[in-house]
Amino acid sequence: MGRGNVADIADDEARSASVEELQRRLSTRPEGLTTEEAARRLERTGYNEIPEHEVGPLRRFLAYFWGPIPWMIEAAIVLSALLGRLDDLLVILVLLLVNAGIGFWQEGRADNAIRLLKQKLALKARVLRDSDWMNVPARELVPGDMIRLRLGDIVPADAKIAGQGYLVVDESALTGESLPVTKKRGEVAYAGTVIRQGETEGLVFATGLKSFFGRTTGLVGEEVPPSHFQKAVIKIGDYLIALAVALAAVILIVALFRHESPAETLQFALVLTVAAIPAALPAVLTTTLAVGAMALARREAIVSRLVSIEEMAGVDILCVDKTGTLTRNELTVAEVVGLEEFSEDEVLLLARLASREEDNDPIDNAVIARFRDTGGKRDAAAVRVTEYIPFNPVDKRAMATLEAEDGTQFMAAKGAPQAILALVGGGGVDVEGPVAAFAGRGYRTLGVARADATGEWRYAGLIALYDPPRDDSAETIKEAKAMGLQIKLLTGDHIAIAREIAAKLNLGTRIAGASTLTEVKEKERGQMIEDSDGFAGVYPEHKYEIVAALQEGGHIVGMTGDGVNDAPALKKADAGIAVAGATDAAKSAADIVLTLPGISVIIDAVTESRKTFQRMSHYAIYRIAETIRVVFFITASIIAFNFYPVTALMIVLLALLNDFAIMTIAFDRVVVPSGPVRWDMRTLLGISTILGIYGVFESFGLLYLGKEVLMLDPEVLRSFVYLKLSVAGHLAVFAARTRGPFWSVPPAAPLFLAVVVTQAVATLITVYGILMPPMGWGLAAVVWVYALAGFFLLDFIKLRAYSLLEHTGIVFNR
């Protein structure tokens with residue numbers, strides 16, 4: 001047997017070719033492949049799975065030592081080693097390792113997307129090999145294999161229906177279509193879909209990444225660009241590093257003219273480097289995100305990528321999948337219409353009699369559920385089914401022969417409206433009008449007929465079916481809009497269904513078909529997508545394209561979904577949200593996974609994300625201002641007075657006491673912004689610089705007081721200045737954390753206690769001379785009074801600075 005071009009048959013080719021032609025193309029036979037041939041093909045095509053691309057734990061951990069901020073910390077370690085300052089080296093090394101350890105541990109909690117997709121294909125398949133049916137791992141299937149497909153199976157690979165039977169396949173995970181699709185000989189069943197009814201054979205023509213499922217996950221595997229959070233951290237780090245380099249250059253020039261020793265110059269470089277590095281910045285921000293993730297977990301939302309919490313805070317457009325997200329993904333009877341003299345109850349009874357509960361057919365289940373709700377169970381029990389013909393794709397109807405309690409024989413049928421019309425022979429019954437009216441409201445229509453003992457059929461009525469919205473969808477959408485989110489509906493369903501759902505949920509009426517994406521010019525496409533309230537008839541590529549276009553327009557985009565068809569867009573979105581019951585593909589592609597039905601928890605996610613963003617923003621303002629204050633003060637002191645105001649060890653102590661304690665800002669109390677928020681670097685750097693420069697002048701004031709007024713010894717003066725830098729620095733947190741007066745939002749207990757404890761420690765070590773010269777309680781009291789007075793003035797300057805920035809239009813987000 002020839003090997004054939006087994007790996008290169010496209011989906012459209014497989015659909016258009018006949019079963020016999022495809023068998024020739026795949027060089028296979030009706031009795032299946034031999035074991036030897038299957039092994040050769042497996043060697044060529046590879047396993048029927050998604051290739052796993054993992055980054056080892058060591059490599060992931062080492063990545064935390066690469067970047068602007070780690071480089072600066074590492075430079076400080078090298079300088080400490082060159083100067084022989086082992087104590088400084090060890091403390092700075094601890095800062096670096098803690099930062100890397102926290103980030104590594106938190107990111108390690110995220111599930112690997114490709115591994116979950118691989119598990120999706122980890123199935124067993126019944127395959128015909130050597131003329132015998134056998135069970136093999138689905139990963140060993142190859143193009144040309146003949147497989148058995150039956151009720152309850154997940155289709156293990158793309159296959160051409162080759163048997164005489166038929167399948168009813170749930171493709172909602174791939175297409176978003178609520179109603180299962182009937183597949184008969186010559187049609188294609190796709191990997192990852194679920195067989196709801198029927199049994200037949202299939203000819204495998206595509207496996208792994210060549211399958212429709214695999215091509216969809218191929219989009220998921222694209223490299224994800226840095227988040228807005230990561231970009232902001234890089235910008236903050238770059239700003240502080242540039243500041244330190246510039247000041248170091250100034251000092252080096254001054255040292256050159258003063259003919260100072262290289263050792264003293266290196267000593268200053270060490271102090272300046274350590275002072276400029278926001279050593280705990282990554283750790284604090286990661287901890288803040290982790291706290292937000294735990295808060296979301298309590299609300300049944302699992303975060304798989306920490307930075308998505310910050311992204312969620314800035315989402316201004318939320319793209320929402322319909323099936324399984326806004327709706328229940330279960331068919332429901334919307335309306336029953338009787339024709340001629342038949343009543344609604346009679347139509348529903350006939351439809352029930354033409355249904356069979358054990359088939360677990362979605363349409364049957366919907367009819368049976370509605371019938372039970374009307375209390376008609378006794379009427380059905382009084383009728384005996386003597387013969388039942390299930391629905392088939394040829395006749396497009398199900399039929400039952402029945403016998404009443406009095407022995408009367410009659411028949412009931414249900415199916416496609418036109419199929420039932422053909423059964424009754426027309427008879428002047430108008431069903432096109434009601435069917436069209438139902439379609440306009442987004443309903444699917446089921447025809448019902450009755451025949452008496454003579455076999456004369458009459459059209460009894462019509463039943464409208466639909467996939468109803470979840471109970472909480474309308475309220476969730478209302479709340480989302482109130483929070484400044486624009487909602488866009490994306491669904492694979494018909495445009496009429498999309499418009500009906502959109503109308504019921506107040507999503508807007510500007511719903512367009514997916515075809516309009518290709519009909520408009522490329523330069524107009526972005527604006528058209530922004531102006532639309534949603535799109536119907538979309539495929540995975542369309543959802544991905546819509547999300548990408550919105551991102552190119554400057555929007556931060558969220559996307560909800562539950563199926564494989566949503567996975568590419570979930571991965572592409574800034575914040576991908578998989579709803580409860582989502583497929584493994586959707587969960588692995590998403591950043592946040594909801595574990596309870598409905599999407600109301602999204603409001604909780606947005607609220608918690610905005611809180612987290614506020615905490616991170618407050619910390620960033622504080623950290624930048626503190627760095628400016630310390631670095632400029634030290635540099636100016638050396639240039640102007642040729643005096644080192646603090647030692648390198650004091651700078652390290654500042655980092656330990658201030659930065660590690662400030663991690664409690666992750667639990668701080670904040671005001672939730674009313675609209676989407678995002679990093680506004682101009683405002684953040686502007687207010688930080690103003691606060692920092694004020695701190696420089698405040699520090700010089702204390703230096704003057706200690707040196708010129710109190711005439712302190714240089715060693716005691718350094719302890720005096722250190723305590724001021726420590727106390728004033730932590731007090732500045734309370735100004736940085738609010739836009740209004742510092743008392744407008746009371747701090748959380750953990751943050752307040754952290755400041756009290758750390759500054760008590762700082763006071764004690766300066767008073768009693770632990771690791772530095774002692775200065776006594778009297779000088780400590782002077783520092784505290786000076787720092788508290790300076791804090792009130794700092795808060796007033798902050799209010800004026802925000803007012804000025806807002807007046808000039810620089811402040812965009814609250």
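The model is predicted, so local features need pLDDT of at least 70 and side-chain atom pairs count only at pLDDT 80 or more, while totals for chains, interfaces and linings use all residues. Residues are numbered from 1 along each chain as its sequence is written, and side-chain values use heavy atoms, with hydrogens and water left out.

**Exercise 1.** Explain why helix 18 is largely enclosed by the rest of the structure.

*Solution.* Begin with the helix, residues 417–424, where helices are DSSP runs of H or I with at least four residues and strands are runs of E with at least two, numbered from the N terminus. Six of its eight residues are buried, so helix 18 is largely enclosed; buried means under 20% relative accessible area with a 1.4 Å probe, protein chains only. Next, name them: Pro417, Ala419, Ile420, Leu421, Leu423 and Val424. Then look at the cover, which includes strand 13 (397–403), strand 14, helix 19 (432–440), strand 15 and strand 16 (457–466). Finally, Gly425 follows helix 18 with a positive phi, near 75°.

**Exercise 2.** Determine which strands pair with strand 21, and which way its residues point.

*Solution.* Two strands pair if DSSP finds at least two bridges between them. Strand 20 (residues 557–561) pairs with strand 21 in the parallel sense over four bridges, and Gly558 has Ala575 of strand 21 as its bridge partner. Strand 22 (residues 592–594) also runs parallel to strand 21, joined by two bridges, with Val593 of strand 22 opposite Ala578. As for direction, Ala575 and Ile577 point one way from strand 21 (residues 575–578), Gly576 and Ala578 point the other way, and all are buried.

Notes. Buried < 20%, exposed > 50% of the residue type's maximum accessible area, 1.4 Å probe, protein only. Contact = heavy atoms within 4.5 Å.
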